[in-house]
Amino acid sequence: MNVPSAPGYATHEVLNQPGALHDTNAYAEDRPLVEAVGVFGADWASAHLHRTGALVGSAHVQDLARQANRHLPELRTHDRFGHRADIVEFHPAYHELMRLIYGSSAHSFAWTHERPGAQVARGVLSYLWNQGENGVCCPMGMTFAAIPALRHDPALLAEWAPRINSTEYDPRAIHAAQKTGATVGMAMTEKQGGSDLRATLTTARPASARRGSGADYLITGHKWFFSVPMSDLFLTLAQTETRLSCFLATGWLPDGSRNRLKLQRLKDKCGNKSNASSEVEFHDLHAVMLGDEGRGIRTIIEMAHATRLDFAIGSSGLMRQALSQAVHHTSNRRAFQRSLIDLPLMRNVVADLAVESEGLLWLSMRLAAALDRSGADRTEALLSRICTPVAKYWACKRAPAFVAEALECHGGNGFIADHLMERLYREAPLNGIWEGTGNVVCLDVLRSMQREPETVGVFLDEVRQARGGNARLDAYADDLARRLADPAGLEPVARRVVEMMAFALQASLLVRHSTPAVADAFCATRLDGDWGQAFGTLPRGLDTQAIVDRAQVGGA
Ligand SMILES: Cc1cc2nc3c(=O)[nH]c(=O)nc-3n(C[C@H](O)[C@H](O)[C@H](O)COP(=O)(O)OP(=O)(O)OC[C@H]3O[C@@H](n4cnc5c(N)ncnc54)[C@H](O)[C@@H]3O)c2cc1C
């Protein structure tokens, strides 16, 4: 869009600037996404997805996100009279985004609609909101993921699920039981180690004669990372004598005072700026045990598993936003008498990004479907078990390179701080770190192969559902099956193996569900190696025009 110059500003005529991608429907105009919803049985939720897609793609939400990332949260440790306050103050734009994301039930849709496809629909809501504002996706994702962990104690689940699943965002600093809706956080990481949680030093002592799940404890120690410190509820880990256990605490006590925690400072982060992440100390924090004593990691891992799915979905959503921006910019900016996207080399770049994005979309949604079905189908539960960390690893690993390339499509504009691309770029590495770094999730894939060997067969069967559809994929799956035959020696090469698993499953899903143009491009490059180290290295002979048309917001 070219803005006409005002009289007297003839030297300031703005030409050949595409303008912002505003007021799109991030659901309805995303063809692969709508198709995935149909394939995985969630189209009964499409009216809600349409509404959320319009909201997330609106200029209003995009502007709120810009403001919330400009006016950052501030820690207020004390009030003006010197009393401890330990609260974080946010710009109104952040609160409005929280109200909107909770109002769209991105945290709760799967738990409040117990019917086939509900996890897929919830996954789409997360995919969409990760295109709106990532900072509010952190509390949303943790609130979503808390429910599986709370299932370890049905009484606690019954007590808190109604507030956790509420679509009302209630920012008041009062006890969770007095609120119309509750946000949930998790505080696990300590200074001496986040991956090795057995090194936890924080301790818990019983507050009464009662022991075990639901009993009261007092917790003393610290957490080096505690995002969303204004959470109404949070899960944490502490040692009882010498046994690591999981606990549930409220942010405030029933008498209105802050639970016994002190927020030391907020992290000055590379990205995810609108969201507060803190360092915290507990001084006899009131908490109740959640799950069996000594099984803290096993309890909290239920939350971590759901969070890992949400990060695979989240990074895929982030990349979809970067792709949409790149397609918009290159379609509307001209150079050398043509739109950028029509220049053969640029079309190769955008097509390569589109292939990557679509492969990750299908992978993420397939795992949301597996979670959906896992209660009634053991095969699906095993697929979810082994492949959620595969998807988490690969989606998060691809995000930084992907976003950097999409940013470059914008030329200099992409690198400037008032452009959305800059924010996406700073956000892109984060999902790869929290809830299991790259190495940790790869080791988790190997652990599931060793502890539950049937997962390997389940995975290969899923890949082979596309058998006969693409010769390269058939050969690749056979090679992978040979490599997975003995998981015992795979630790040093775990990244390579997990990457191959991600490629194989994405290829299978694309061959079965996408267009031949996308599936052929994926198999020729990711499986057959006719591909370079950078995006934009698709070989000749692929239908890049069809791939790019499919990736257009609004389709072609
Ligand atoms: C913005 C932000 C917000 C966060 N919010 C929270 C939060 O709300 N709650 C919370 O609990 N945590 C939070 N975290 C912490 C995060 O989960 C941890 O940083 C992460 O788990 C890694 O732990 P660490 O930093 O101690 O690194 P380490 O565990 O020391 O890992 C360092 C490196 O060693 C590698 N490594 C570790 N073990 C192995 C192994 N066995 N084999 C090979 N390599 C290995 C890792 O992959 C990593 O690359 C947050 C982090 C960030 C950046």
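Which residues are exposed on the other side of H8? In this predicted model, they are Ala155, Ala158 and Pro162.

## Helix H8

Helix H8 spans residues 154-164. Its buried residues are Leu156, Leu157, Trp160, Ala161 and Ile164. These residues lie on the same side of H8, because their arc around the axis is only 120 degrees. Ala155, Ala158 and Pro162 sit on the other side and are exposed.

What covers the buried side? Part of the cover comes from a helix, H7 (137-150). Strands also contribute, among them E3 (184-187) and E6 (233-240). Strands E7 (243-250) and E9 (277-290) are included as well.

## Overall fold

The protein holds 18 helices and 11 strands. Its C-alpha atoms fill a box of roughly 75 × 70 × 40 Å along the principal axes. The radius of gyration is 24 Å. That agrees with a compact globule, because 556 residues in such a globule would give a value near 24 Å.

## Burial, surface and charge

Of the 556 residues, 58% are buried. The protein exposes about 22000 Å². Carbon and sulfur atoms supply 52% of that area.

The protein carries 58 positive and 61 negative charges. The mean positions of the two sets are 2 Å apart.

How values were computed. Residues are numbered from 1 along each chain as its sequence is written. This is a predicted model: local features need pLDDT of at least 70, side-chain atom pairs count only at pLDDT 80 or more; totals for chains, interfaces and linings use all residues. Side-chain values use heavy atoms; hydrogens and water are left out. Helices (H or I, at least four residues) and strands (E, at least two) are DSSP runs, numbered from the N terminus. The radius of gyration is taken over C-alpha atoms; the globule rule is 2.2 Å times the number of residues to the power 0.38. Buried means under 20% relative accessible area, exposed over 50%, partly exposed in between (1.4 Å probe, protein chains only). Accessible areas come from the Shrake-Rupley method with a 1.4 Å probe; for residues, only the protein chains shown count as cover. Lys and Arg count as positive and Asp and Glu as negative; His and the chain ends are not counted. The place of a charge is taken as NZ of Lys, CZ of Arg, CG of Asp or CD of Glu. The arc is that of the directions from the helix axis to the C-beta atoms. Contact means heavy atoms within 4.5 Å.
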